[in-house]
Amino acid sequence: MNIRRPIVLALITLNISYLCPCILLGVYRLKIAYKIRYAGTTKIICTMRDGSRERLLDTLSGYFGIGRTAGFAPHVEVIHADISQPSLGLSPLDYQTLSQQIGAIWHCAADVRHYASNTAELMKTNLEGTRTLISLARA
């Protein structure tokens, strides 16, 4: 018998930059966060480079409406983190605490520009960022 247990704490990386060239990707990423919560996840931690919970909730409200976001908001915590930095730019204690608490990671952050004068910047975010999150999952 396969009994599905809800994930108590999930980490989701998002890129909701206003400069995101593909708005559909931004909507898709936000929709994932919304669906994770309503699939039974008790708490979602979202990484934001600016650490702005207000900006995240404003963006969610724009896509899903204030009513739906109001029900979602109490279950969302935003942490100031950067996937392109070692240990997400967190202190060793914060990184260790996060690694011990999360039950799942949804990695949706990426630099999706179709052009870049500096490919090293794309690699740092996309490749090294993914490696950073794999390390977090293994920690």
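## Helix packing

Helix axes are lines fitted to C-alpha atoms over the stretch in contact, and the angle between two of them runs from 0 to 180 degrees between N-to-C directions. In this predicted model, local features need pLDDT of at least 70 and side-chain atom pairs count only at pLDDT 80 or more, whereas totals for chains, interfaces and linings use all residues. Residues are numbered from 1 along each chain as its sequence is written, and side-chain values use heavy atoms, with hydrogens and water left out.

Helix 4 (residues 92-101) packs with helix 5 (residues 119-138) at an angle of about 65°, their axes being 8 Å apart. Helix 4 is therefore roughly perpendicular to helix 5, a term that covers angles of 65 to 115 degrees. Tyr95, Leu98 and Ser99 of helix 4 meet Thr132, Ser135 and Leu136 of helix 5, where contact means heavy atoms within 4.5 Å. The residues of this contact divide into three nonpolar, three polar and no charged, with Ala, Val, Leu, Ile, Met, Phe, Trp, Tyr, Cys and Pro counted as nonpolar, Asp, Glu, Lys and Arg as charged, and the others, Gly among them, as polar.

## Overall architecture

The chain holds five helices and four strands, which are DSSP runs numbered from the N terminus (helices H or I, at least four residues; strands E, at least two). Along the sequence these elements follow the pattern β-α-β-α-α-β-α-β-α. Among contacts between residues at least 6 apart in sequence, 76% join residues at least 24 apart.

## Nonpolar cores

Of the 139 residues in the chain, 40% are buried, that is, under 20% relative accessible area, while exposed means over 50% and partly exposed lies in between (1.4 Å probe, protein chains only). A nonpolar core is a set of buried Ala, Val, Leu, Ile, Met, Phe, Trp, Tyr and Cys residues joined through side-chain atoms within 4.5 Å.

The largest such core has 17 residues, of which Ile12, Cys46 and Leu56 touch the most other members. At least two residues of this core come from each of strand 1 (9-13), helix 1 (23-38), strand 2 (43-48), helix 2 (53-64) and strand 3 (76-80), and helix 2 gives the largest share, four residues. Another core, of 13 residues, lies apart from it and includes Ile45, Ala81, Ala109 and Leu136.

## Two threonines

Thr59 belongs to helix 2 and is buried, with a relative accessible area of 12%; its side chain reaches the backbone oxygen of Arg55 at 2.8 Å. Thr42, in the loop between helix 1 and strand 2, is partly exposed at 46% relative accessible area.

Key
Polar contact = N/O pair within 3.5 Å; in protein donor to acceptor, adjacent residues only side chain to side chain. Parallel < 35°, antiparallel > 145°, perpendicular 65-115°, else oblique.
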